Each structure stands twice: as C-alpha cells, then as structure tokens.
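Please work through the exercises below with the sequence and the model at hand, trying each task before reading its solution.

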Amino acid sequence: MSDQTLFRDPDLFEITHLPEAFPYRDTQLDDLAFALRPTLSYGASPLNTVLRGTPGTGKTTAVRRIFAEVEETTQAVVPVLVSCQTEKTQYAVFSRIFLALFGHLPPPSGVSNTRLMAGVAHALVERGAVLVVCLDDANELIPDGTLGSVLAPLLRMHEAWPGARTGVVLTLSTPEADLSRALDRATRSVLQASEIVFPPYTAEEVRGILAERVRAGLYPGVMPPAALDLVVERAMACGDLRVGLDVVKRAVRAAEREARAVVTAGDVLAAFAVSRHLHVAMAVRALTAGERAVLDAALAEEREGGPVISGRVYGRVCEGMKYTVFHERLKKLEALRLVDLYVRPGRGRTREIVVREGVEEVMVRNHEED
C-alpha cells in the first residue's frame with residue numbers, strides 16, 4: 001500500500017483552503033456583510049471594519065468568502081485581499097491593488113507610490129467602481145509604521161481624486177495590537193472602524209470542523225474517533241484550529257509512508273511535535289533576509305550560554321547594518337512573537353533577548369530544507 005493514498009482530497013487540510021461550509025461564524029459573516037451593504041446597495045464607500053481574533057479563528061476565511069461572493073455578484077466593487085505577512089512595504093501593498101485593477105504588476109522600480117495610487121484612483125473613477133482593501137494580518141505593518149503610511153492615502157483618496165471611493169478591512173491577530181497608538185490622529189479620524197470579534201473555537205466546534213474535513217477529505221476508517229479526539233485535544237492546547245488541520249495532514253501522510261490504512265495515536269503525537277510550532281513556522285517564512293539574519297545571530301548567541309544581550313547580537317550582524325535598522329528588525333521579531341525583549345538595568349538601552357520556544361527548531365528545519 002506504500003503507493004496508495006488515504007486522502008480523498010488532500011486540499012481540504014491546507015490552511016489556505018476555502019471551505020464550502022463555514023460553521024460557527026454566521027454572526028461575524030452577517031456583520032461583515034452589513035459593512036459592505038452601502039457599497040452593494042447604492043455604490044457608496046463601505047464601513048471600515050477591524051476583525052479581531054487570535055490566529056486560526058476564521059478571520060481570513062470570512063473575508064475570502066465575502067469577497068468571493070462580491071466578485072460573483074458585481075463588477076462595480078473591486079475587493080482586494082493583501083497578505084501583510086508577505087507584502088510588508090507601502091509599495092508592495094499598492095502593487096497588489098494595482099494588480100487587481102489592471103491584471104498585471106507595476107514596474108518593480110521607477111514608479112513612485114503617489115503615481116501608483118494616482119493610476120489606481122483614475123481607474124476607479126473611470127469605471128465607477130468602489131475599492132475595498134483587506135489588509136490581512138495588518139498588525140505586521142505596525143512595528144515599522146507602515147500601516148499608517150498605507151491607510152492614509154487609501155482612506156483620503158477621494159480628497160485628491162474626487163469620485164474615488166474606497167474602504168478597508170483590517171484583520172488583527174495579536175491582542176496587543178493598538179490602533180490608537182499605531183496611527184496618527186488624522187488617520188484614526190477618517191478610519192472610524194467598527195470591530196468584529198472572532199472568539200476562539202470551543203472544543204466542540206473544533207471537533208465538528210475537523211470531523212467534517214475528515215469525512216470529506218479521507219477515506220472511511222482512516223482517522224478513528226480516538227485519534228480524532230487526540231487531534232482536537234492538541235489543537236485546543238495551542239488555541240489554533242490550523243494546528244489541528246496540519247496534524248491530520250501530517251499524521252495521515254505518516255500512515256501512508258508506513259503502508260498502514262489507519263492513523264494511530266503515535267502518528268498524531270509525532271505530527272503534533274512539528275505542527276505545534278505552525279505559527280512560528282509561518283512567521284519565520286515571512287521574514288526578510290535581514291530579519292532572519294538578526295534572528296540567526298540571536299540563536300547563535302544563545303547557544304553559547306548566558307544571557308543574550310542586544311549589543312552582542314548586533315556585533316554579529318553589524319556589517320552593513322545601522323543600529324537603528326537592527327533595532328527596528330529586533331522590534332519586528334518581538335511583534336511577530338519570535339522573541340521577547342527585556343530592558344536590563346544599567347546605562348543605555350541594553351536589552352536582553354529571549355528567543356521563544358520552537359523558533360530554533362523551525363530555523364534548523366528550514367536550514368536543512370534549504
């Protein structure tokens with residue numbers, strides 16, 4: 001059986017999969033649809049909205065479902081989903097919007113942000129369309145101040161180009177993300193966003209979602225009830241439904257490799273040892289080369305024993321990197337929950353860096369794969 005598959009549809013266990021059924025989030029979908037109602041009913045700008053919730057609570061899926069329905073319903077609305085995990089600069093975000101409107105990316109250089117947005121605004125006015133941009137994981141743009149520089153021209157586009165109508169949806173995955181501090185007063189006043197909360201799934205809800213994916217995505221009997229219960233238990237321990245999906249996928253593949261038709265508890269536990277650091281792996285994958293260099297230096301310093309001091313870490317990467325840039329990248333790693341920073345008593349702004357659990361394991365695995 002080593003060349004046989006236990007999956008009916010492996011795509012159902014990918015975290016990017018858009019499920020046909022989206023249970024336990026009817027209230028949130030209704031609230032998001034209400035925010036878009038002015039746009040769909042009479043072509044006005046939508047209500048700006050913030051979706052708050054920990055990772056794996058359905059925020060991105062809700063936006064993708066609503067945007068998909070909008071695209072099927074009308075061409076008078078241009079919905080654009082931008083992943084701030086990968087699009088981390090003002091130009092990168094505006095380029096994704098440009099791509100949605102024109103079907104191709106702008107030149108990689110030589111075009112200013114102002115000129116780029118002028119082209120977007122002109123296209124919106126010419127088509128009589130409304131632009132709705134979702135900045136997914138917008139908290140990723142907070143540490144270096146990019147969020148404000150992205151929102152300001154989007155929300156004030158109508159001032160420079162009368163007739164241009166825009167709105168934004170922000171998803172925030174970190175409880176500490178504070179828009180009142182991240183944005184200046186002028187941007188906050190025009191944003192005026194309503195909030196939709198996505199609470200963590202209960203154990204019963206997690207089991208219901210995973211059971212339906214198992215039923216549709218695996219052949220009968222592959223995932224016994226006891227094994228599924230163990231997956232649910234581990235997913236709840238991490239507070240992230242995506243961990244459960246990843247555990248199922250890895251456990252079933254392990255059974256396939258050993259030519260077994262049934263997943264065991266051992267398969268689940270072995271899969272969880274990797275999947276429990278899923279959020280770390282996703283954050284590391286989105287790092288720039290410079291950010292990754294700072295994290296590598298912190299890990300190297302940690303392996304030598306003793307406290308990891310920011311000055312010594314900077315000494316490992318200082319060639320070609322100003323300290324202000326190093327400090328910004330260090331704060332970014334903290335915002336991504338890859339490290340914790342503590343101010344040490346004494347002179348100056350010396351900080352102790354504590355690398356979080358799972359980061360070294362993920363970095364080592366990535367280096368091996370590279």
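## Salt bridges and a helix pair

Lys331 counts as partly exposed, because its relative accessibility is 31%. The model used throughout these exercises is a predicted one.

**Exercise 1.** Find the salt-bridge partner of Lys331 and describe how the two residues are placed in their helix.

*Solution.* Begin with the closest N and O atoms, which are 3.0 Å apart between Lys331 and Glu334 and so meet the limit of 4 Å for a salt bridge. Next, locate both residues in helix α16, where they lie three residues apart, about one turn of the helix.

**Exercise 2.** Decide whether Arg250 and Asp246, which meet in a salt bridge, are buried or partly exposed.

*Solution.* The N to O distance between the two side chains is 2.7 Å, and the residues sit four apart in helix α11 (residues 241-257), therefore separated by about one helical turn. Arg250, at 36% relative accessibility, is partly exposed, whereas Asp246, with a relative accessible area of 6%, is buried.

**Exercise 3.** Determine how the axes of helix α10 (residues 225-238) and helix α12 (residues 265-275) are oriented.

*Solution.* First note that the axes come within 9 Å and cross at roughly 20°. Because angles under 35 degrees count as roughly parallel, α10 and α12 are roughly parallel to each other. Then look at the residues in contact, among them Leu230 and Val231 in α10 and Leu269 and Phe272 in α12. By class, this contact has eight nonpolar residues, no polar ones and one charged residue.

Key: Residues numbered from 1 in each chain as written. Predicted model: local features only at pLDDT ≥ 70, side-chain atom pairs only at ≥ 80, totals over all residues. Heavy atoms only, no water. Axes fitted to C-alpha atoms, helices over the stretch in contact; angles between N-to-C directions. Parallel < 35°, antiparallel > 145°, perpendicular 65-115°, else oblique. Contact = heavy atoms within 4.5 Å. Nonpolar A, V, L, I, M, F, W, Y, C, P; charged D, E, K, R; others polar. Buried < 20%, exposed > 50% of the residue type's maximum accessible area, 1.4 Å probe, protein only.
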